[in-house]
Amino acid sequence: MTTAQSETGRTITTSIPARLDRLPWSRWHWTIVIGLGTVWILDGLEVTVVGNIAGRLSEPGSGLPITSGEVTGIAAALYVAGACAGALFWGRLTDIWGRKKLFMITLAVYLGATALTAIAFDTWWFFLFRFLTGFGIGGEYAAINSAIDELIPAQYRGRVDLLINGSFWLGAVGGSLLSILALDTSIFPANVGWRLTFALGAVLALVILLVRRHVPESPRWLLIHGRDEEAERIVGDIERRVEAERNEPLPRPEGELTIHQRKNVTFTEIARTVFAKYRRRSVLGFSLFIGQAFLYNAITFGFGAILTTFFDVPSGNTGYYFAVIAVGNFLGPLLLGKLFDTVGRRVMISGTYLLSGILLFGTAWLFDQGSLGATTLTACWCAVLFFASAGASSAYLTVSEVFPMETRAMSIAFFYALGTAAGGISGPLLFADLTGTGKVGDTVLAFQIGAGLMCAAGLVAAFLAVKAERRSLEDIATPLTAAASKAKAGTSPDPDPGAQPVTP
């Protein structure tokens, strides 16, 4: 690493990004997956539990004067609104303060809000702390996805990112099964069981907080912010651990990057980067997030209500059905994830969105014909969500890797917040309203809206998705602070055709 002085700070030439990307998979990388990825399990637990306990919370004796529609509609929308607000608030701080500091703070916020939800004594209290729980989770999206992509080698980045985001559904399985136990009034009183589910979420968050202390700060972030000596120590330690594990020297890194170190990037620079230089990528990000946000927030919060309304499934048994579709959701990223790194981003992103949309149109038609029961509807949803979950996870991967390093967390936050606000807040409200009428045609319409948005996003991805597979983050989007770079062997530029020069 070489350094020099510039007008805004030191100018350094470093091979650290190349050194991180040339690492083989190791036990150290598994510690990153476990330390950072487990939070999505909590998110899945939260969302699923609320959907499954809606019927029980609205029953007399639950301890809360609340209706099922308020749980799946207002409370669900507030949770998503909190996540959107949290993403924007914490996302900016993640780019300024660093990945590690923020993924510790946001998890602590989630922990406290979840614990307070467990002792809700009135409707307004439940609503308030559902919002604050989402506020913490929203910050996690920006901090965690930034850290994952900056620490995982380029050749594994797609499958790892999908697997981690897909682990949401492991939490959904746990939440479904937990709700069955918690809602069994022969075990717990009606006003106690649902509280224990939230309390358990807080306990799990505390365990994850302790594990996460061992995850390092992103060396890429440290380089930009004048802490290159710390970045060198972290990467050197990782290399020594990997070499010791493999009992052989690592290959030489290929490529260097020269940057002018800076403390902050202004909002003006972020806006020009996102809306001028990478406007096609911005259209792609919005499309992917709106489609998946409407589909998932509507269905995960409302699936239990559909089962009880149309198929007379007891509220205490909806968890069994949700556990099944949650398994299908997790299998999608697990089995398809490697293809995002081999077949490529464009084919896989557009394909998963289009297939899930087409299958959902088919499900809507069968539901309208009265051809489905609770079991067969669940089977249809498994097929839909097997592809949809891989596509939805790729939305986070896309906005994380196609924008420059200095704007990464804020870009994730921005697209998540706006896309989710459009689809994730309106989704639960509209879906709860449509399914609440008890009319088959209204629920079919909700299905068709979700299917149409997924298909539209798939078509956008077919034309605009970036070929980011197995490429360095710095090759996909040159850092704003870069002075010059030497191309890495085996890569080829794939600039945004709509990009315009931006002067930092």
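1. A word on terms to begin: buried means under 20% relative accessible area, exposed means over 50%, and partly exposed covers what is in between (1.4 Å probe, protein chains only). By that scale Ala-462 is partly exposed, with a relative accessible area of 31%.

2. Please keep in mind that this is a predicted model, in which local features need pLDDT of at least 70, side-chain atom pairs count only at pLDDT 80 or more, and totals for chains, interfaces and linings use all residues. Residues are numbered from 1 along each chain as its sequence is written, and side-chain values use heavy atoms, with hydrogens and water left out.

3. Now the overall picture. The protein chain has 18 helices and 4 strands; these are DSSP runs numbered from the N terminus (helices H or I, at least four residues; strands E, at least two). Of its 504 residues, 60% count as buried. Among contacts (heavy atoms within 4.5 Å) between residues at least 6 apart in sequence, 85% join residues at least 24 apart. The chain exposes about 18000 Å², and carbon and sulfur atoms supply 64% of that area, computed by the Shrake-Rupley method with a 1.4 Å probe; for residues, only the protein chains shown count as cover.

4. On to the interior. A nonpolar core here is a set of buried Ala, Val, Leu, Ile, Met, Phe, Trp, Tyr and Cys residues joined through side-chain atoms within 4.5 Å. The largest one has 124 residues, and Trp-381 and Phe-447 touch the most other members. Helix 15 (residues 374-401) gives the largest share of this core, 14 residues. Domain 1 (11-264) and domain 2 (266-476) both contribute residues, so the core lies between them; the domain bounds come from an automatic or database domain assignment. Apart from it lies another core of 17 residues, including Leu-64, Ile-66, Ala-113 and Trp-125.

5. Phe-361 deserves a look on your screen. This residue lies in helix 14 (residues 345-368) and is partly exposed, with a relative accessible area of 36%. Not counting residues up to four places away in sequence, Phe-361 touches Gln-448, Ala-451, Gly-452 and Cys-455. Phe-361 and Gly-452 are 91 residues apart in sequence, yet 8.0 Å apart in space, C-alpha to C-alpha.

6. Finally, back to Ala-462, which sits in helix 17 (residues 440-464). Which residues does Ala-462 contact, leaving aside its neighbours within four places in sequence? They are Arg-346 and Ser-350. Ala-462 and Tyr-353 are 109 residues apart in sequence and 9.9 Å apart in space, C-alpha to C-alpha.
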